[in-house]
Amino acid sequence: MIYFDNASTTAVLPSAAKAMYENMTNIIGNPSSLHTLGLRAEQAMNDARERVARAMGVNAKNIYFTSGGTEANNTAVIGTALAYKSRGMRVVTQVTEHPSVTDSFRHLEELGFDVTYLPVDEFGHINIKTLENAVDEKTVLVSIMYVNNETGAMQPIEDMVKAVKGKNKNCRFHCDCVQAFCKHKLPSNADLISVSSHKIGGPKGVGALYIADGTRVENLHFGGGQENGLRPGTENLAGIVGFGAAAEISSQNIAEKAENVSNVKAELLKLTEILPDVYVNGACDSPYILNMSFLGVRGEVLLHALEADDIYTATSSACSSKQKNKLKIVDLLNEGRGESALRFSFNADNTVEEAVCVRNAVLKHIPMLRKFQPR
Ligand SMILES: Cc1ncc(COP(=O)(O)O)c(C=O)c1O
């Protein structure tokens, strides 16, 4: 099997699975209980918090566990906007965010906020001057992702934070780093950062939100006061422990891993030289994601042809593949290319040999599929 769909999810690392199993079989307490069993559970959770924080390069006291990247994004966008609405009801984002961000801004619109959706160019990049112009004294929040999940386009977040703060020092900046965590160094100056466990070799259904000191976020859930009241509810302890174990391992040697993955990606990029009418969609910034259109062949058809060879890819992000009427990001960048787009996404263990194998499989399928699918 060749798995090139790591932006959708990753296989759980053996050390993360082991840590979860040991936690589930040995630690029976509720982290909020006052007795020794509760304290042991709390200790396991705090160890995991330390590990995730270290991998993010932040302080553990600023980490709040959530049910995943989606909840971290919902909380960051809606919770921060609500916390500061007395200062102003203007918020800014951009058009190629993950739906967990975009739909949070749609919700803010319904609540009466004035939302600016910044455009991107054909590479998926935002003009920093356009961003700066969109911020005024009433803007309370900007949310811009670091690595785009469909195209791998990256934004210069640290420069963007500086530009935004230069315009309005009180404006908060949130960055969705779900596709960047453990792959790229995270921005050091964002006020809020979202990450997710299942993109880095941890279990599904757990994530974290980093909130800088001095940034207020209103809680969207109500209950027993866990996670400082921001995310009440008994914690997913085994999931959190698995997340901590995965973060510790996956955050090591990121530069070396990125170089290896660049070589994997380069093999697939050769397809643009070998086959006619093959295009790269968006900027090829992150080595971990490659989105290509093979004109004349529907992405879904190529995906299933490759699947028959035990090769796994994606036509778009896993979340938007379920939202039939959503415009694909590729179509926003290059209209007409979305239907024939296929996303290859890698992890540190993928090899050049696997890429050569996938390239040969594509070379085998495309001429035949093009014959049968009229343009
Ligand atoms: C950029 C980005 N943000 C947020 C999410 C949502 O994360 P989760 O699946 O943990 O809810 C994803 C998942 O695909 C993503 O790629």
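Mentor: Buried area is the accessible area that two parts lose on being put together, summed over both. Please keep in mind, as we go through this structure, that the model is predicted.

Trainee: Which domains does the chain have, and how far apart are their centres?

Mentor: The domain assignment gives domain 1, made of residues 2-9 and 254-372, and domain 2, which covers 14-250. Taken over C-alpha atoms, the centres of domain 1 and domain 2 are separated by 28 Å, and the contact takes 26 residues from domain 1 and 29 residues from domain 2.

Trainee: How should I read the area between domain 1 and domain 2, and how much do they bury?

Mentor: The size of an interface is often given as the accessible area lost when the parts come together. Here domain 1 and domain 2 bury about 2,300 Å² between them, with 54% of it on carbon and sulfur atoms. On the side of domain 1, the residues that lose the most area to domain 2 are Ile-254, Ile-329 and Leu-333, which together make up 23% of what that side buries.

Trainee: Which elements of domain 1 touch domain 2, and what kinds of residues are there?

Mentor: The elements that give two or more residues to that side of domain 1 are helix 8 (254-269), strand 10 (289-294) and helix 11 (329-333), and helix 11 gives the most, with four residues. By kind, the residues on this side of domain 1 divide into 11 nonpolar, 11 polar and four charged.

Trainee: How many salt bridges and polar contacts lie between domain 1 and domain 2?

Mentor: The count of salt bridges between domain 1 and domain 2 is zero, whereas 13 residue pairs are found in polar contact across this interface.

Trainee: How many salt bridges are there by this rule, and what does the one between Asp-5 and Arg-343 tie together?

Mentor: The count comes to 17 salt bridges. In the pair you name, the closest N and O atoms of Asp-5 and Arg-343 are 3.3 Å apart. Asp-5 lies in the loop between strand 1 (2-3) and helix 1 (14-26), and Arg-343 lies in strand 12 (residues 341-345), so this pair ties together parts that are 338 residues apart in sequence.

Trainee: Which residues come nearest to the ligand?

Mentor: Of the 14 residues around the ligand, Thr-70, Asp-176, Gln-179, Ser-196 and Lys-199 come nearest. An N or O atom in the side chain of Asp-176 is 2.7 Å from a nitrogen atom of the ligand, while a polar side-chain atom of Gln-179 lies 2.8 Å from a ligand oxygen atom.

Methods
Residues are numbered from 1 along each chain as its sequence is written. This is a predicted model: local features need pLDDT of at least 70, side-chain atom pairs count only at pLDDT 80 or more; totals for chains, interfaces and linings use all residues. Side-chain values use heavy atoms; hydrogens and water are left out. Domain bounds come from an automatic or database domain assignment. Contact means heavy atoms within 4.5 Å. Buried area is the accessible area (1.4 Å probe) that two parts lose on being put together, summed over both. A salt bridge is a side-chain nitrogen of Lys or Arg within 4 Å of a carboxyl oxygen of Asp or Glu. A polar contact is a pair of N or O atoms within 3.5 Å; within protein, one must be able to donate a hydrogen and the other to accept it, and residues adjacent in sequence count only if both atoms are side-chain atoms. Ala, Val, Leu, Ile, Met, Phe, Trp, Tyr, Cys and Pro count as nonpolar, Asp, Glu, Lys and Arg as charged, and the others, Gly among them, as polar. A residue is near a molecule or strand if one of its heavy atoms lies within 4 Å of it.
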